[in-house]
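Here are my notes on the model you sent over. I start with how the copies relate, then turn to the single chain.

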Number of protein chains: 2
Amino acid sequence: MGEFEFDADTHLSGDGPVFGTDLSDRWDAMAGVNGGYMLALCAQALGQALPFPDPLVVSGFYLRPGSHGPGEVRTEVLRAGMTTAFGQASLWQGGKERVRATAAFTDLSANGAPGQPRYTGVAAPALPPPGECFGLLPGSLPGAPIADRIEYRSTEEPGWLRGQPSGNPAGEFWMRFRDGREPDLAAMPLFVDAAAPVALEVGVLSTTIELTVHLRARPAPGWLACRAVTRYVADGYHEEDFEIWDSAGTLVAQSRQLALILR
Amino acid sequence: MGEFEFDADTHLSGDGPVFGTDLSDRWDAMAGVNGGYMLALCAQALGQALPFPDPLVVSGFYLRPGSHGPGEVRTEVLRAGMTTAFGQASLWQGGKERVRATAAFTDLSANGAPGQPRYTGVAAPALPPPGECFGLLPGSLPGAPIADRIEYRSTEEPGWLRGQPSGNPAGEFWMRFRDGREPDLAAMPLFVDAAAPVALEVGVLSTTIELTVHLRARPAPGWLACRAVTRYVADGYHEEDFEIWDSAGTLVAQSRQLALILR
């Protein structure tokens, strides 16, 4: 029926406040069900439960790993105000809560209106055109089917992938859905967690404890220019900041996560 | 009885899961009850409800402004694992929920253990000694009693305070409690929101929608070296990142908030 992969795999059943879902194995990235994918599911449910169309902030805590197969997303409207609504969503599977998410939703359609204060402290990533970049072919990362769903392009092959971590946990690269689905705000919680953690460049493997995404504007169609950086690795934890800029050069999403280093 | 101000004003009554509280007017900062103070209250309650001593991540959504006077913090244990526990706390006043917070707690006492991976991408703020810095006397910021509780020292008087915003929404400065209370993790949610927003340097007044704090290490006694930056102001919102380094040169807290610009 021509449905895009992300839409098929974030399909929810029911009218709420509890929605049925089925966690796909198509977004796995080495460490099991991807955290961004589960957060996108929670945001999707809140989009149906709340009276505004656009996620503004979505924050998720990862209580337990998710598993492939059926689950439910339980939503609660915390407050529906005049311009902002707040809600909570929990992803449950097999009688156990996996993710607890809280979010604020609003209407970002007036974005870009003139006369609003504007300041841009850091420019969008400066990358060669995607066609001139390094990319992975589908199937080339066994154990990470997410790389078959999302296309990455970077100036050169990441050091960790060549077995030579660069020592610099930062990167800029392009991303988009391989199947042609255009980016939207619903997909941003997935995209901010869809690239390999840049902490791999300092030899660190980790798992997400908490991930917060700020949605700053509705993305234009086309490639997404992304920037990831980890500034501090210490005492068993590190953060990762992630930015996504659309093809029009607008910052559309900004995230930070705290990850627990695996020994 | 010699109790420090912060401890007196975050006192909780009851054994949980619902705790009584009384919101003080001593931490106001122009815009009413300080968001960081309310988040600290939520974290305080979770510290009593959860089996680990140290907050690791605390994330709060600001549903409605808080008000001075009585309230209650309702806590829920989401998961108590072997090394990490997750909980939720809501601050209610007058039958309305004001703040919804989620948190992970752990035990950070093993911090600094050798052999753990470590990477520091950005050094601690380089500031002159506090005694050589600009500071405000108590009572000099009418409407902001928080400035009578927390002492700030910066290289020079902030531009916005002189009526000449610098155009650069970033700053580095010292902070500590004026009454001699030493910093600890419980106070970090307050400190990350206790300085005037650096967005004032681009003429922007705003109110917090969401604030997430990562706690990275237990602070040593003494002054806190702080760094605040807003990178993107656009379409009615801006983020603010905040770092706190202790007197031993260790990053102890890192936060990001999303704020709604007030017209």
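Predicted model: local features only at pLDDT ≥ 70, side-chain atom pairs only at ≥ 80, totals over all residues.

1. Let's begin with the pair.

2. On the contact between the copies: both use the same surface, since 100% of the contact residues of chain B recur in chain A.

3. Now the single chain. Chain A has four helices and 14 strands. Its radius of gyration is 18 Å, and the globule rule gives 18 Å for 263 residues, so chain A is as compact as a globular protein of that length. If you are setting up a box, the C-alpha atoms of chain A fill one of roughly 50 × 50 × 45 Å along the principal axes.

4. What about burial and contacts? In chain A, 57% of the 263 residues count as buried. Take the contacts in chain A between residues at least 6 apart in sequence: 69% of these join residues at least 24 apart.

5. Next, the surface. Chain A has an accessible surface of about 10,000 Å². Carbon and sulfur atoms account for 54% of that area.

6. Last, the charges. How far apart are the mean positions of the positive and negative charges of chain A? They are separated by 4 Å, with 20 positive and 31 negative charges counted.

Note on methods:
Residues numbered from 1 in each chain as written. Chains lettered and ligands numbered in written order. Heavy atoms only, no water. Helix = DSSP H or I, 4+ residues; strand = E, 2+ residues; numbered from the N terminus. Rg over C-alpha atoms; globule rule 2.2 N^0.38 Å. Buried < 20%, exposed > 50% of the residue type's maximum accessible area, 1.4 Å probe, protein only. Contact = heavy atoms within 4.5 Å. Areas by Shrake-Rupley, 256 points an atom, 1.4 Å probe, with all protein chains shown as cover. Lys, Arg positive; Asp, Glu negative; His and termini not counted. Charge placed at Lys NZ, Arg CZ, Asp CG, Glu CD.
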